[in-house]
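Visitor: I have a model open and would like to go through it piece by piece. Can you walk me through some local details?

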Amino acid sequence: ATDVVLSGRTRVFTVSNQKGGVGKTTTAVNIAAAFADLGARVLVIDLDPQGNASTALGVPHSAETPSVYDVLIDEFPLADIIQTSPESPNLLCAPSTIHLAGAEIELVSQVAREHRLRTALDEYLANVQDHIDFVIVDCPPSLGLLTINAFTAATELLIPIQCEYYALEGLSQLLGTVRMIQKHLNPRLSLSTILLTMYDGRTRLAQQVADEVREHFPQEVLQTLIPRSVRVSEAPSFGQTVIAYDGQSAGAIAYREAAVEIIRRDSALNEGRA
Ligand code: ADP
Ligand code: MG
């Protein structure tokens, strides 16, 4: 067993990158499952109308399911929509439904439209029986109001970067939005973690991209790389994370290592501050 010590705080991650298909959802659910596997209590908030995170966690999210939509638009308490993943009693999910697609527009005319998720999450965390160690918000591939709600609610930003051409393209726009959020909406948000995903060590390109990202973000990039792996891409069609689907696969091992690294780096930082 790996020896990791949880901080006792609730760390709220938003997994964001306005590019689609870079591994946001895969990272959100597998890091969450890996944290739960380490004994942490974890809540995944699915903010993507596609609901891929809800699917991967084995949580029903048909149109009738109470969802994040009801929280954002009708001020349902978060506690009323949260389900437990069949994978682990420590793995919770606030599902998305297709209705969330309309929320982006409906939010525009609402009061405190950027703070809706933050308010709901604060209320939930203040009243929940069992302490939540990690909240992980899976974002849609855009910088609209849903993503802004995630940035406003989070303490940390986790950016997955795919080791392919144009990996850094669009990143300056994302970082610009983050600075705007820090200035106007959420000063406690920090870009703490970058995770290189879909890494294929056999190609020179993947190595070059990894080197380039590390050069730009030496503090933020995790040592752990997530390899391109068929098991990772198969798992969601079984309604599972790769941690449950094939715990000994290279992808599962890498996501567990990444989770341990995220916990260790934080304790190292806090010891440095003490
Ligand atoms: P996003 O949420 O950013 O749109 P996804 O997490 O849905 O991206 O990933 C996009 C596609 O890539 C999915 O089909 C997913 O199964 C696949 N994928 C993600 N990570 C890996 C990996 N490490 N190895 C193989 N396939 C992956
Ligand atoms: Mg996604």
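Guide: What follows is a short tour of this predicted model, by topic.

Visitor: Start with the ligand. Which residues come nearest to ligand 1?

Guide: Lys24, Thr25, Thr26, Val232 and Ser233 come nearest, out of 17 residues around ligand 1. The elements giving two or more residues to that shell are α1 (24–37), β7 (190–199) and α9 (230–234).

Visitor: Which element has the largest share of the shell?

Guide: Helix α1, with three residues.

Visitor: And by class, how many nonpolar, polar and charged residues are in the shell around ligand 1?

Guide: Five are nonpolar, ten are polar and two are charged.

Visitor: Is methionine 198 buried or exposed?

Guide: Methionine 198 counts as buried, because it has 22 C-beta neighbours inside 10 Å; the cut-off for buried is 20 or more.

Visitor: Which other residue with a positive phi can you show me, glycine aside?

Guide: Alanine 112 is one of them, with phi near 50°. Alanine 112 lies in the loop between α4 and α5. With 10 C-beta neighbours inside 10 Å, alanine 112 counts as exposed.

Visitor: What is valine 108 in contact with, sequence neighbours aside?

Guide: Leaving out residues within four places in sequence, valine 108 is in contact with Arg113 and Leu145. Valine 108 and leucine 145 are 37 residues apart in sequence, and their C-alpha atoms are 7.8 Å apart.

Visitor: What about glutamine 110, where does it lie?

Guide: Glutamine 110 lies in the loop between α4 and α5. With 14 C-beta neighbours inside 10 Å, glutamine 110 counts as partly exposed.

Visitor: Leucine 145 was a contact of valine 108. Which helix has Leu145 among its buried residues?

Guide: Helix α6 does. Nine of the nine residues of α6 are buried, so this helix is largely enclosed by the rest of the structure. The buried residues are Leu145, Leu146, Thr147, Ile148, Asn149, Ala150, Phe151, Thr152 and Ala153.

Visitor: What do the buried residues of α6 pack against?

Guide: They pack against β1 (11–15), α3 (68–74), α4 (100–106), α5, β5 (134–138) and α7 (171–184).

Visitor: Take α5 and α6. At what angle do they pack?

Guide: Helix α5 (residues 116–127) and helix α6 (residues 145–153) pack at an angle of about 40°, and their axes are 7 Å apart. That angle makes α5 oblique to α6.

Visitor: Is the crossing of α5 and α6 left-handed or right-handed?

Guide: The crossing is right-handed.

Visitor: Which residues meet there?

Guide: From α5, Arg116, Leu117, Arg118 and Leu121 meet Asn149, Ala150, Thr152 and Ala153 of α6. The residues of this contact divide into four nonpolar, two polar and two charged.

Visitor: On to α7. How exposed is glutamine 182?

Guide: Glutamine 182 is in helix α7 and counts as partly exposed, with 16 C-beta neighbours inside 10 Å. Not counting residues up to four places away in sequence, glutamine 182 touches Pro187 and Leu189.

Visitor: Last one, tyrosine 255. Where is it found?

Guide: Tyrosine 255 is found in helix α11 (residues 250–273). The residue is buried, with 29 other C-beta atoms within 10 Å.

Visitor: What does tyrosine 255 touch?

Guide: Residues up to four places away in sequence aside, tyrosine 255 touches Asn30, Ile31, Ala34, Ile226, Val242 and Ile243. Tyrosine 255 and alanine 32 are 223 residues apart in sequence, with 9.3 Å from C-alpha to C-alpha.

How values were computed
Residues numbered from 1 in each chain as written. Chains lettered and ligands numbered in written order. Predicted model: local features only at pLDDT ≥ 70, side-chain atom pairs only at ≥ 80, totals over all residues. Near = placed C-beta within 6 Å. Helix = DSSP H or I, 4+ residues; strand = E, 2+ residues; numbered from the N terminus. Nonpolar A, V, L, I, M, F, W, Y, C, P; charged D, E, K, R; others polar. Axes fitted to C-alpha atoms, helices over the stretch in contact; angles between N-to-C directions. Parallel < 35°, antiparallel > 145°, perpendicular 65-115°, else oblique. Left-handed = near helix turned anticlockwise from the far one by under 90°. Contact = placed C-beta atoms within 7 Å. Buried ≥ 20, exposed ≤ 12 C-beta atoms within 10 Å, placed from the backbone.
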